[in-house]
Amino acid sequence: MDEMIKVGMADLKVCPYPNAITTLGLGSCVGIAVYDPVSKVGGLAHVMLPDSTQIRNNSNRAKFADTGIIDLVDLMIKAGALRSRLVAKIAGGAQMFAFNGQSDMVRIGARNVEASKIKLKELGIRLLAEDTGLNYGRTVEFYTETGNFIIKSVGKEKKII
């Protein structure tokens, strides 16, 4: 690995081989790692909300699952990835706080996961693995050399998916 590229909240970046890419603090947010295993071009989006059409100020397309994943894939193709080879792994989407009831407003983590899966499926990108839900935050690292998606959480064993 040459460099660890950092992706902020409501952000996305492409990661060429042999670099790695990370994002911190996935609570209800979802980290979507997309990868072409032949060209070894990877990318990571840190999405905060499921649907750009439900928000008035939606100019930051990376903030939303429905638009962020599209933009990430487009950037990856420009960097040499082939759409037909793309695969994905996701993490996050936690229910960070206990609320009474199951209103959609408090189920943001589950809605982010669902929207991410729907968009990946629409784009024909196979979801290989996920570590989603529950009630704890995650930090993720994606390695273009191996395709490994490493999930770290306080008080939990490191997972490689």
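Author: Rings of Phe, Tyr and Trp count as a pair if their centres lie within 6.5 Å, and the model you see above is a predicted one.

Reader: How many aromatic pairs does a search of the whole structure find?

Author: The search of the whole structure finds two aromatic pairs.

Reader: What describes a pair of aromatic rings?

Author: A pair of aromatic rings is described by the distance of the centres and the angle of the planes. In this model, the ring centres of Tyr35 and Phe142 are 5.1 Å apart and the planes stand at 70°, so this pair is edge-to-face, given that planes over 60 degrees apart are counted that way.

Reader: Which parts of the chain does the pair of Tyr35 and Phe142 tie together?

Author: Tyr35 belongs to strand E4 (residues 30-36) and Phe142 to strand E8 (residues 138-143), so the pair joins parts that are 107 residues apart in sequence.

Reader: Are Tyr35 and Phe142 buried or exposed?

Author: Buried means under 20% relative accessible area; Tyr35, with 7%, is buried, and Phe142, at 2%, counts as buried too.

Reader: Which residues do ring pairs link into a cluster?

Author: The cluster linked by ring pairs consists of Tyr35, Phe142 and Phe149.

Reader: Which residue lies over the face of Tyr136?

Author: That residue is Lys156, which lies at 4.6 Å from the ring centre of Tyr136.

Reader: Where does Thr67 lie, and what does its side chain reach?

Author: Thr67 is in helix H1 (residues 65-78) and, at 10% relative accessibility, counts as buried, while the side chain of Thr67 reaches the backbone oxygen of Arg61 at 2.7 Å. Leaving aside residues up to four places away in sequence, Thr67 touches Ser52 and Arg61.

Terms used
Residues are numbered from 1 along each chain as its sequence is written. This is a predicted model: local features need pLDDT of at least 70, side-chain atom pairs count only at pLDDT 80 or more; totals for chains, interfaces and linings use all residues. Side-chain values use heavy atoms; hydrogens and water are left out. Rings of Phe, Tyr and Trp (its six-membered ring) pair if their centres lie within 6.5 Å; planes under 30 degrees apart count as stacked, over 60 as edge-to-face and the rest as tilted. Helices (H or I, at least four residues) and strands (E, at least two) are DSSP runs, numbered from the N terminus. Buried means under 20% relative accessible area, exposed over 50%, partly exposed in between (1.4 Å probe, protein chains only). A charge sits over a ring if NZ of Lys or CZ of Arg is within 6 Å of the ring centre and within 35 degrees of the ring normal. A polar contact is a pair of N or O atoms within 3.5 Å; within protein, one must be able to donate a hydrogen and the other to accept it, and residues adjacent in sequence count only if both atoms are side-chain atoms. Contact means heavy atoms within 4.5 Å.
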